[in-house]
Amino acid sequence: MAQDSDAIIEEHRSPDGVLCLRVVRHRGGDVSIGFRGSDRHTHGDIEASLSGPPQDEAVRRSVDRILDDRAAIVIERVGGRVTGIWPTEDPAAELRHRPAGAEVECRWWSGKPAAGD
């Protein structure tokens, strides 16, 4: 997610050390939120358009939802290798709709399994 000219403005490690959540400011001011080891991410302007507040506030809300165990986290693996990490509002649906050959774990930031596991 981060490139040489990008700046990590926040980095959080889960209590069990499995996840690393990053907020990155890219060239031109774009902000993204994502997990280290995964290409899946969202952008601050998208979060703002979905929830209504200005970008900085929308980013703060999104990060806090993850850190406060209010958004479950999906970890997708294929052949034991992580292929994606992203937050979800519906862990059971993520488990039902996983790609063929993929293992899907739904958990909270705190490390507890999320409903549907």
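Visitor: How many disulfides does the count come to in this structure?
Guide: This is a predicted model. A disulfide is a covalent bond between the sulfur atoms of two cysteines. The rule asks for a pair of cysteine sulfur atoms within 2.5 Å. By this rule the count of disulfides is 0.

Visitor: How far from Cys20 is the nearest cysteine sulfur?
Guide: Cys20 takes part in no disulfide. The nearest cysteine sulfur belongs to Cys106. That distance is too far for a bond. It comes to 20 Å.

Visitor: Is Cys106 buried or exposed?
Guide: Buried means under 20% relative accessible area. Cys20 passes that test at 3%. Cys106 has a relative accessibility of 0%, so Cys106 counts as buried.

Visitor: In what order do the elements of the protein run?
Guide: The protein holds 3 helices and 7 strands. Read from the N terminus on, they run β-β-β-β-α-α-β-β-α-β.

Visitor: What is the radius of gyration of the protein?
Guide: The globule rule gives 13 Å for 117 residues. The value for the protein is close to that, so the protein is as compact as a globular protein of that length. Its radius of gyration is 14 Å.

Visitor: What does the C-alpha trace span along its principal axes?
Guide: The trace belongs to a protein of 117 residues, of which 38% count as buried. Along the principal axes, the C-alpha trace spans about 40 × 30 × 25 Å.

Visitor: How many residues of strand β3 are buried?
Guide: Strand β3 covers residues 31-35. On one side, Val31, Ile33 and Phe35 are buried.

Visitor: In β3, which residue is the bridge partner of Arg22?
Guide: Strand β2 spans residues 20-25. β2 and β3 pair in the antiparallel sense over 5 bridges. Within β3, the partner of Arg22 is Gly34.

Visitor: Which residue takes a positive phi in the hairpin of β2 and β3?
Guide: This hairpin has 5 residues between the strands. The positive phi lies near 85°. The residue that takes it is Gly28.

Visitor: In β4, which residue is the bridge partner of Ser32?
Guide: Strand β4 covers residues 41-43. It runs antiparallel to β3, and 3 bridges join the two. The partner of Ser32 in β4 is His43.

Visitor: Near what value is the positive phi of Gly37?
Guide: Gly37 belongs to the hairpin of β3 and β4. That hairpin has 5 residues between the strands. The phi of Gly37 is near 90°.

Visitor: Leaving aside its neighbours within four places in sequence, with which residues is Ser14 in contact?
Guide: Ser14 sits in the loop between β1 and β2. At 4% relative accessibility, Ser14 counts as buried. Its contacts beyond those neighbours are Leu19, Arg107 and Trp109.

Key. Residues numbered from 1 in each chain as written. Predicted model: local features only at pLDDT ≥ 70, side-chain atom pairs only at ≥ 80, totals over all residues. Heavy atoms only, no water. Buried < 20%, exposed > 50% of the residue type's maximum accessible area, 1.4 Å probe, protein only. Helix = DSSP H or I, 4+ residues; strand = E, 2+ residues; numbered from the N terminus. Pairing = 2+ DSSP bridges. Rg over C-alpha atoms; globule rule 2.2 N^0.38 Å. Contact = heavy atoms within 4.5 Å.
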